[in-house]
Amino acid sequence: MKIKTKQDRRHRIQLRTRKRLRGTGDRPRLTVFRSVAHISVQAIDDATGRTLASASSVEPETRAAFHRRRDGRQREGAKQIGAIIAERLSAKGIKQVVFDRSGFLYHGRVRAVAEAARASGLEF
């Protein structure tokens, strides 16, 4: 597979990490997807192929935290998403997850989601 675009590079990194990461019912895979305007997080049980919990910036209660301006509010919204997913998983009795950055750099909004989830009680 030739790398022609940034998406090709991210997809290749994503496949390489997915070889090693597996989510179970007790310790699901917490995967992050970020676009230019939004971010979403899912906790996936790879054994059954089910999504156990999810949180996204397009949900009505979290949409207000995201703005188009580039003054750090995207990162603040990402922190809110991390706290929400940690709350939803702890309500289901899940305390440990495997973090999957989906080929994105561990920087900015992806890092903010991970740190907020850790601060809210999830163990990586």
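Against which elements do the buried residues of α4 pack? In this predicted model, they pack against the strands β1 (29-34), β2 (39-45) and β4 (98-100), and against helix α3 (73-91). Helix α4 itself spans residues 109-119, and its buried residues are R109, V110, A112, V113, A114, A116 and A117. The helix is followed by G121, whose phi is positive, near 115°.

The whole structure contains seven salt bridges. One of them joins the side chains of D100 and R18 at 2.7 Å, N to O, and this pair links distant parts of the chain, with D100 in strand β4 and R18 in helix α1, 82 residues apart. D100 counts as buried because its relative accessibility is 1%, whereas R18 is partly exposed, at 23%. Another salt bridge, at 2.9 Å, N to O, is formed by the side chains of D46 and R29, with D46 in the loop between β2 and β3 and R29 in strand β1. Here R29 is buried, with a relative accessible area of 7%, and D46 is partly exposed, with 26%. R18, R29, D46 and D100 are linked in a network of salt bridges.

Terms used
Residues are numbered from 1 along each chain as its sequence is written. This is a predicted model: local features need pLDDT of at least 70, side-chain atom pairs count only at pLDDT 80 or more; totals for chains, interfaces and linings use all residues. Side-chain values use heavy atoms; hydrogens and water are left out. Buried means under 20% relative accessible area, exposed over 50%, partly exposed in between (1.4 Å probe, protein chains only). Helices (H or I, at least four residues) and strands (E, at least two) are DSSP runs, numbered from the N terminus. Contact means heavy atoms within 4.5 Å. A salt bridge is a side-chain nitrogen of Lys or Arg within 4 Å of a carboxyl oxygen of Asp or Glu.
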